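Me: I'm new to this one. Can you walk me through a few spots?

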Amino acid sequence: MELGSIVQFLENKAILVTGATGFLAKIFVEKVLRVQPNLKKLYLLVRAADAKSATYRLQNEILGKDLFKLLKEKWGSNLNSLISEKVTVVPGDISLEDLGLKDSVLREEMLNQIDAIINLAATTNFDERYDVALGINTFGAKHVMSFAKKCVRLKVLVHVSTAYVSGEKAGLILEDPYRMGETLNGALGLDMEAEKKLAEEKVNELRANGSTEQEITLAMKDLGIERSRVYGWPNTYVFTKAMGEMIIGQMKENVSVVILRPTIVISTLREPFSGWVEGIRTIDSLVVGYGKGRLTCFLGDLNAILDLIPADFVVNAMIVAMVAHANQPSDVIYQVGSSVSNPVRNGHLQELGYRYFSQNPWIDKEGKPVKVSKALVLGDMASFQRYMTIRYLLPLKGLEMVNVALCKYFEGTYINLNRKINFVMRLVELYKPYLFFKGIFDDMNTEKLRITLRETSAEADMFNFDPKVIDWDDYFFNVHLPGIVKYVFK
């Protein structure tokens, strides 16, 4: 396998990107436009009812972001003409057949022009509504695969999944596929159509019983977690993503398919500039809680490895994999992470977080610096529950009684303490499967791809995704934590 020039490969190519308003998708779009403005077309699928709504989302949720400032500096007043010529925003919905495309002329154009598809559409909420997660993560993959098979010029489909489809496995987790109906706990009977029917029937039942939309949402979230655990997955997100992989594998036939499994994706290391991040992403919810003084203790194993990878490295891996497997029959899986070649441990991150926020405290609404102390880390659920009961739940109960006795004099204090407790408990419940995660992600396929990049392309630096180059101390102290404060803290 030889790569040659990646930039040259991108020239005159038409690429469909699903989930185009997402974090990784935006970084992909920016990179491709920056390194190869002479590509033929970027079709950006966004969930929207019509072209006007889709264009609004393109301008506000993609091009309007700080991420595109280098492109704006490079192209100046000519950027709008570049975008109008090279970017076509496509209103649609991957949870629907034919990606929900209503414009038949545009649909035919895409089927005749598209060279590559990057499927990034996903809902990443751990506790998403089951019907929503199935629609996007599972049946969305089916609809993208069906569409791909109709694209007459298609050279490759890159389907972006997650390394955590492995559930709570320990030890070395291989880059192996999931076969249709395979489960993590050996339970039999996993059938995606039956799961879809179950979700639809549950929604209909709830509506027939007069449930409010909020009640329906909560019930469907609970159903997702319940069904995930029946088959051995810890949450709805990774369960529905695993089923999406199964569908891709079963349907692919002669299509060249790459499944990319990133680990925990964090802010950009280098491109287009360091520290860009958007939204509260996985570990960053802990960073925000800690930096704002809302998180003083947490549950976890300080010696456990946290597998992190900068977003620009994931995008580079996507581009290199796309080029490497274009027109090459493929069903390869690439796990893109750092736990094998450059591991970082929870204890190290705790120390870096304490140092950073001690030296650079967050300024609260009153203009006062928030003082942080070293978070107390509790090593198991029993000690965590004891701590929460003694430190918070008993005083909260006492405060509630005093508050009632004194005509709600302490209402503000009570609400504030209650909110803090709920915040911690929700985080623990969501992340519990990963707080003691004992797996490391094998990346032998990914390493072979990196070697191919180094040995057969002059553009290895431009598309580098080798985690061994990351200095974690420098990255967290000078890149990631300042980025979180700039783009995420509110």
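Me: Is aspartate 98 buried, partly exposed or exposed?

Reply: This is a predicted model, to start with. In it, aspartate 98 is partly exposed, because its relative accessibility is 22% and buried means under 20%.

Me: Which residue forms a salt bridge with aspartate 98?

Reply: Lysine 150 does. The closest N and O atoms of the two are 3.1 Å apart.

Me: How many salt bridges does the structure hold?

Reply: It holds 27.

Me: Let's switch to helices. At what angle do α7 and α8 pack?

Reply: About 150°, with the axes 10 Å apart. Helix α7 covers residues 130–150, and helix α8 covers residues 192–208.

Me: So how do α7 and α8 run, roughly parallel or antiparallel?

Reply: Roughly antiparallel, because the angle is about 150° and angles over 145 degrees count that way.

Me: Is the crossing left-handed or right-handed?

Reply: The crossing of α7 and α8 is left-handed.

Me: Which residues make the contact?

Reply: From α7, they are Tyr130, Asp131, Leu134, Thr138, Phe139 and Lys142. From α8, they are Met192, Glu193, Glu195, Lys196, Ala199 and Val203.

Me: How many of those are nonpolar, polar or charged?

Reply: The contact of α7 with α8 has 6 nonpolar, 1 polar and 5 charged residues.

Me: Back to salt bridges. What does arginine 450 pair with?

Reply: Aspartate 443, with the closest N and O atoms 2.8 Å apart.

Me: Are arginine 450 and aspartate 443 buried or exposed?

Reply: Both are buried.

Me: What about lysine 468, which residue does it meet?

Reply: Aspartate 466, in a salt bridge of 3.3 Å from N to O. Lysine 468 is partly exposed at 44% relative accessibility, whereas aspartate 466 is buried at 8%.

Me: Which residues do salt bridges with shared partners join into one network?

Reply: Asp443, Glu447, Arg450, Arg454, Asp466 and Lys468. That network takes in arginine 450 and aspartate 443, along with lysine 468 and aspartate 466.

How values were computed:
Residues are numbered from 1 along each chain as its sequence is written. This is a predicted model: local features need pLDDT of at least 70, side-chain atom pairs count only at pLDDT 80 or more; totals for chains, interfaces and linings use all residues. Side-chain values use heavy atoms; hydrogens and water are left out. Axes are lines fitted to C-alpha atoms, for helices over the stretch in contact, and angles run from 0 to 180 degrees between N-to-C directions. Helices (H or I, at least four residues) and strands (E, at least two) are DSSP runs, numbered from the N terminus. Angles under 35 degrees count as roughly parallel, over 145 as roughly antiparallel, 65 to 115 as roughly perpendicular and the rest as oblique. A crossing is left-handed if the near helix is turned anticlockwise from the far one by less than a right angle, and right-handed if clockwise. Contact means heavy atoms within 4.5 Å. Ala, Val, Leu, Ile, Met, Phe, Trp, Tyr, Cys and Pro count as nonpolar, Asp, Glu, Lys and Arg as charged, and the others, Gly among them, as polar. A salt bridge is a side-chain nitrogen of Lys or Arg within 4 Å of a carboxyl oxygen of Asp or Glu. Buried means under 20% relative accessible area, exposed over 50%, partly exposed in between (1.4 Å probe, protein chains only).
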